[in-house]
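Me: Please take a close look at one residue in this model, and then at the wider setting in which it sits. Keep it plain, as I have not seen this structure before.

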Amino acid sequence: MIEEILSVPFLTGLLSATLRMSTPIILATLGEIIIERSGVLNLGIEGTMLFGAVVGFLTTLSTGNIWLGVFMAAFAGVLLSMLMALLAVYLGVSQHVAGLGITVFASGLSMFVYRLTVGSPTVPPTIRPFVPVPIPFLSDIPLIGTSFFNQHLLTYFTWILIPLVSVFLFRTRPGLRVRTVGQNPFAADTVGVNVNLTRTACLAVGGAFFGVAGSFMTLAHQNMFLKDVIGGRGWVAIAMTIFGNWNPVIGTAGALIFGFLDALQLRLQSLGVRLPFHLFLMIPYLITVVALVGVSRKATVPAGLLRPYRREEKGG
Amino acid sequence: MMSMNIVKREPLPSWVKVLIPFAAVLATLALAAIPILAAGGNLWKAYGSLFFGALGNRFNLLETFVKASPLILTGLAVAFAFRARFWNIGAEGQLYAGAVAATVIGVYGTWLPPSLKIPAIMVAGFLAGGLWATIPAFLKTRFKVDDVVTTLLLNYVMLHFVGTLLFGPLQEPGSSWPRSPQIMKDAFYPVLIAKSRFHIGIIVSFVSVLAVWFINDKTVFGYQSKCVGVNILAARYGGINAGMVILKTALISGGLAGLAGVGEVCAIQYNLIMDLSPGYGQTGVVIAMLGNLHPLGVALSAFFFSVIGVGAQTMSRMAGVPVYITGVMEGIALMVMLVFLLLTEYRIKWSKS
């Protein structure tokens with residue numbers, strides 16, 4: 001048993017699956033960090049991911065063009081984000097409840113659209129999913145190469161985004177504007193930054209990330225759409241945002257740990273280890289809660305989070 | 001170019017607030033026409049079959065009450081927590097906690113005297129749901145952990161815990177399905193109206209409405225709970241132990257959701273399964289908001305969503321609109337209600353910029 005676990009094929013599979021399973025969570029966490037840095041909590045994430053999953057899947061199913069599927073999933077995410085922007089930014093209703101409203105609405109809509117398009121066949125329809133793309137030379141390195149450099153294009157894309165989002169937020173002028181809007185919208189307004197427009201733009205970018213993250217589940221991880229395909233990964237991304245103290249790199253680290261536990265559970269099952277698999281499915285969520293306990297006291301929440309910006313209500 | 005501003009408005013008379021949920025329901029029905037028409041449904045036929053399917057004859061009407069009972073309880077659970085600004089989005093998990101307790105006692109509590117079985121199950125279900133909800137409340141008050149995230153994540157922990165039990169110690173012997181053995185006959189909730197499923201759990205939910213109403217309006221604790229929700233710093237300054245109030249609020253909130261789980265086990269399924277709840281916890285959030293966090297409002301809006309839930313089955317058969325329209329309508333209702341509530345306090349001012 002132990003020998004099997006320590007073998008190269010097992011470890012390769014485990015590392016490879018860790019990167020794969022953490023991809024949608026990293027992508028969603030990056031999106032949520034951008035949004036929350038601008039002062040909006042988007043609890044619509046879970047529903048937006050599900051909607052991205054279904055739109056990506058149905059587009060690919062009907063056109064056979066998987067990249068069009070990814071694009072439409074991103075577009076679907078942006079559309080839902082605009083609804084969130086209208087409610088939470090321009091009208092300024094409770095961000096908590098508006099986000100939950102988006103999630104409830106988008107979850108219902110996803111199932112509605114799927115059933116309407118596909119009907120209820122006995123065997124759910126499938127698409128030809130993304131296949132891993134090995135990177136020449138690098139993928140020949142034992143263990144590291146065969147696991148890290150033999151991934152889906154969307155996974156590479158996600159890993160490129162991590163430094164990009166970091167640099168954007170902390171090293172560029174627009175990034176500074178986003179953080180100021182989230183930290184002190186009144187100050188931002190004073191120096192001529194359009195607070196609501198900045199927040200809307202962040203919601204749009206984040207929404208596109210959520211949509212693509214959702215589509216990863218139906219276009220790469222699996223090849224069909226199931227009702228619980230997102231299974232709380234959106235909520236995990238919210239947790240990782242806090243765990244990472246609104247920093248993309250630490251948030252990614254958290255997402256990797258979650259992905260590792262997810263992958264370990266899958267790999268051990270495929271080894272035929274007779275474990276109560278629900279117990280294993282539970283552990284990542286439990287550890288996420290425990291991790292939050294560790295960091296929450298020290299967390300530095302963007303000061304403008306949850307507060308609608310209304311010029312007349314300074315200090316309100 | 002026109003720019004939109006949101007400005008405070010003169011306070012509206014209080015009867016307007018009472019009418020708001022009804023206006024939201026009408027707006028929801030109007031907006032839901034879009035997906036119904038998109039599904040190729042005839043609008044009159046769709047809504048006709050929806051309401052007939054839920055209210056049209058004796059059996060359907062009683063079924064609507066059956067379905068309303070867990071929704072009232074999860075709606076109350078969320079409303080009671082939200083009133084104290086304890087963001088309990090975990091009613092689903094708390095429901096399952098109550099269901100697990102009900103199943104364990106219902107299956108193994110053979111030593112209990114028959115007349116005590118149902119009371120014991122209800123107390124255990126309430127406590128299980130309540131204690132499960134005090135975990136995020138404790139983490140919030142002690143470690144400042146965000147309650148939205150923990151209550152959401154603990155839903156999945158509970159769901160997989162139920163899975164662990166149903167594939168393990170609680171699995172029906174000899175079955176390969178993830179389901180528990182049936183509970184004992186004298187743990188079944190008695191049916192009150194012949195040839196229906198109208199059971200005492202429905203009365204339990206009605207009594208809970210009155211109990212929460214009483215706690216809110218007539219007890220010191222209800223007042224303290226509201227103070228903590230309105231302004232926690234002022235509440236502390238006024239000598240209220242806010243942490244304790246939040247813990248107690250969570251206990252009652254989770255307990256109510258736990259009772260919903262008890263009802264599903266003891267009156268509907270008679271055993272524990274993975275799919276015990278089709279998302280009653282999530283719908284509870286919608287119900288609480290549509291009911292303006294008031295117990296009577298919760299009861300009415302739970303009934304409304306029960307009508308939609310039961311009627312959607314008929315609508316699906318008669319007008320070909322997928323039953324998932326219920327989720328779409330829940331989401332629309334929640335968002336419409338939010339906007340309407342905002343418009344009672346603010347008005348939109350357009351100005352040239």
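Reply: **One residue and its setting**

Leaving aside residues up to four places away in sequence, Ser22(A) touches Ala255(A), Leu256(A), Phe258(A) and Gly259(A). Two residues are in contact if their C-beta atoms, placed from the backbone, lie within 7 Å. The model is predicted: local features need pLDDT of at least 70 and side-chain atom pairs count only at pLDDT 80 or more, while totals for chains, interfaces and linings use all residues. Residues are numbered from 1 along each chain as its sequence is written, with chains lettered from A and ligands numbered from 1 in the order in which they are written.

Ser22(A) lies in helix H2 (residues 8–37) of chain A. Helices (H or I, at least four residues) and strands (E, at least two) are DSSP runs, numbered from the N terminus. Ser22(A) has 27 other C-beta atoms within 10 Å, so it is buried; that term needs 20 or more such atoms, exposed means 12 or fewer, and partly exposed is in between, with C-beta atoms placed from the backbone. Ala74(A) is 52 residues from Ser22(A) in sequence, and their C-alpha atoms are 19 Å apart.

Next comes the meeting of the two chains. In chain A, 41 residues are in contact with 44 residues of chain B. Helices H4 (66–91), H5 (95–118), H11 (233–243) and H13 (277–295) of chain A each give two or more residues to that side. H5(A) supplies the largest share, 14 residues. By class, the chain A side has 27 nonpolar, ten polar and four charged residues. Ala, Val, Leu, Ile, Met, Phe, Trp, Tyr, Cys and Pro count as nonpolar, Asp, Glu, Lys and Arg as charged, and the others, Gly among them, as polar.

One helix pair spans the chains. H11(A) and helix H7 (residues 147–166) of chain B pack at about 140°, their axes 10 Å apart. Axes are lines fitted to C-alpha atoms, for helices over the stretch in contact, and angles run from 0 to 180 degrees between N-to-C directions. That angle makes H11(A) oblique to H7(B); under 35 degrees counts as roughly parallel, over 145 as roughly antiparallel, 65 to 115 as roughly perpendicular and the rest as oblique. Trp235(A), Ile238(A), Ala239(A) and Ile242(A) in H11(A) meet Val149(B), Leu152(B) and Leu153(B) in H7(B). This contact has seven nonpolar, no polar and no charged residues.

Chain B itself has 14 helices and two strands. Its C-alpha trace spans about 75 × 60 × 35 Å along the principal axes.
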